[in-house]
Amino acid sequence: MAIKQLTEEIEKRRIFGIISHPDAGKTTLTEKLLLHGGAIREAGAVKGRHNAKFSTSDWMEIEKQRGISVTSSVMQFEYKDKVISIMDTPGHNDFGEDTYRILTSVDSAVMVIDGAKGIETQTKKLFKVCSMRGIPIFTFINKMDREAMEELEEVLGMPSVAVTWPIGCGLNFQGIYDRLENIVYLYKLGKTIELGDTGVFGPELEEYLTQNNLNNLRSEIELIEGAGNDFDLTEIKNGKLSPVFFGSALADFGVTPFLNHFLTMSPPPGSRKTVDGVVNPTEEDFSGFIFKIQANMNPAHRDRIAFLRICSGTFQRGMTVTLSRTGKSIKLSQSTQLMANERETIDTAYAGDVIGIYDTGTYQIGDTLTTKKEPLFFEPLPTFPPELFARVTPTNSLKAKHFQKGVQQLAQEGAIQVYHNQYNEVIIGAVGVLQFEVFQYRLKNEYNSDILMDNLDFNVVRWLNTNDINYVKKCLDSRCMLVFDHFERPLILFANQFTLNYFVERYKDIELVEALKVNSTLK
């Protein structure tokens, strides 16, 4: 493909993750964006699925039962000549690792804040990850509250600039003012008022707004324009300034102005860091990395899909690529475009697209696929240490094969950490109790295997950088347990930080490695 045509395709693309604390309205906002993009006919129903009443992005059965997102999902649609990929992430803290990995695959992020509750713990963590990577962050303050914007700068430490501004709040809410377009969108009346050169200080709004709301709006805009941050598109694209939008996802108000501004301000796919350089999206050679693996998205087929973020070149169905980790050539003959768990075959895709490729156990999270002759490795995806551990056994020994298959596939997904000890017992690790519940639910419903879970008294884990396992065994007591991960790398579970500190002090010749350094330190 000619460079000019490839560049045009890449410039059309926008890929972003939606992050928030649970119940802030993240999934509702996702639904409304899909609705405006024509991807669904009504919120909660995939296009063509008239009877579906659950959110499109929450496709897993347990998500429908709980009303929360416990897995990330990908949804692509076209809107105003742009190809938009939304990465809906789990809001629940227990699924932080899945969210962090998603954030390595996007070019920008939309942070949804509940105006009534303000900025909550999980949002702060996800914001920090975005900031560290320099990802542009767009803020949508849901359930409209002006105080949330002050908190944005105080709590997160990032300068912000209001693009839209609420007129009134609560029962007195009357609309939003778009500062860049100089337009007021009226809430209940459904009208759009174009303002004159004097903006909100002109006469256009006097017949529509209460005097109190009009007075407050004028004084607030005067304050913002006098003491607020200037709008700077370069700073926004560099992740140094967050544009703020107000609205109600549930009422579908303020969503369209937000979407239109987002497509103008957000960056197209950019260069991606590798272990020894960068890859530019317009390079002729194809490259991409796998950031997620999901089994059983289609219950009828019990298949497994690897999510591939394309970073450069053009994907053509049937092309042959190299898996850099093994050097093995693979023909990508089965590829799909994703809409949560709905899918259709895709023949061509470009940098900035996320596609699904069928996986028979070949891929691992973090794998690079490329047509380059020399091996290519993108930056390692983050690994996070579990804090809860349990021993897992099948209740029916006759279904041991179902159990082993389920454990193996869920381990490859990376949704939960799976280990085994020297007696080949299965030990699982997670950062939250809900992950254990989802693990148990999926084993039963997807692999027909009921399990018993025995909680273990460990909450700290360290990998071992040694081959002398027999020596390590002699150093362990009842407050430690030697286990192996699914790459057969040895690690120790410790009862607590005190136990770890004691072990480090006593056995200085044993090198321990933290989770975040596992990929770069252990071979």
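Colleague: Let's start with charges. Which residues are linked with Glu9 and Arg13 in a network of salt bridges?

Modeller: First, bear in mind that this is a predicted model. The general idea is that side chains of opposite charge can pair when their charged atoms come close. Here, Glu9, Arg13 and Asp353 are linked in a network of salt bridges. Within that, Glu9 pairs with Arg13, and their closest N and O atoms are 3.0 Å apart.

Colleague: Are Glu9 and Arg13 buried or exposed?

Modeller: Look at relative accessible area, where buried means under 20%. Glu9 comes out at 16%, so it counts as buried. Arg13 has 7%, so it is buried too.

Colleague: How many salt bridges does a search of the whole structure find?

Modeller: The search turns up 15. One of them joins Lys372 to Glu283, with 3.4 Å between the closest N and O atoms. That pair links distant parts of the chain, 89 residues apart: Lys372 sits in the loop between strands S25 and S26, and Glu283 in the loop between S15 and S16. Lys372 is buried, at 16%.

Colleague: And what about the pair Glu505 and Lys508?

Modeller: Those side chains meet in a salt bridge at 3.2 Å, N to O. Glu505 is exposed, with a relative accessible area of 53%, and Lys508 is exposed as well, at 63%.

Colleague: On to helices. Why is H2 largely enclosed by the rest of the structure?

Modeller: A general point to keep in mind: an α-helix has 3.6 residues a turn, so residues three or four places apart point the same way. In H2, residues 26-36, eight of the eleven residues are buried, so the helix is largely enclosed. Among the buried ones are Leu29, Leu33 and Leu34, along with Lys26, Glu31 and Lys32. Just after H2, Gly38 takes a positive phi of about 75°.

Colleague: Now sheets. In what order do the four strands of the open sheet run?

Modeller: The order is S9-S10-S11-S12, with antiparallel pairing. S9 and S12 stand at the edges with a single partner strand each, so one side of each has no neighbour in the sheet. From one strand to the next, the twist averages 20°. S11 and S12 pair over three bridges, and Val184 stands opposite Ile193 in S12.

Colleague: Which helix packs on the sheet?

Modeller: That's H7, residues 211-227, which touches S9 and S10. The direction of H7 makes about 150° with that of S9.

Definitions and conventions:
Residues are numbered from 1 along each chain as its sequence is written. This is a predicted model: local features need pLDDT of at least 70, side-chain atom pairs count only at pLDDT 80 or more; totals for chains, interfaces and linings use all residues. Side-chain values use heavy atoms; hydrogens and water are left out. Buried means under 20% relative accessible area, exposed over 50%, partly exposed in between (1.4 Å probe, protein chains only). Helices (H or I, at least four residues) and strands (E, at least two) are DSSP runs, numbered from the N terminus. A salt bridge is a side-chain nitrogen of Lys or Arg within 4 Å of a carboxyl oxygen of Asp or Glu. Two strands pair if DSSP finds at least two bridges between them. Axes are lines fitted to C-alpha atoms, for helices over the stretch in contact, and angles run from 0 to 180 degrees between N-to-C directions. Contact means heavy atoms within 4.5 Å.
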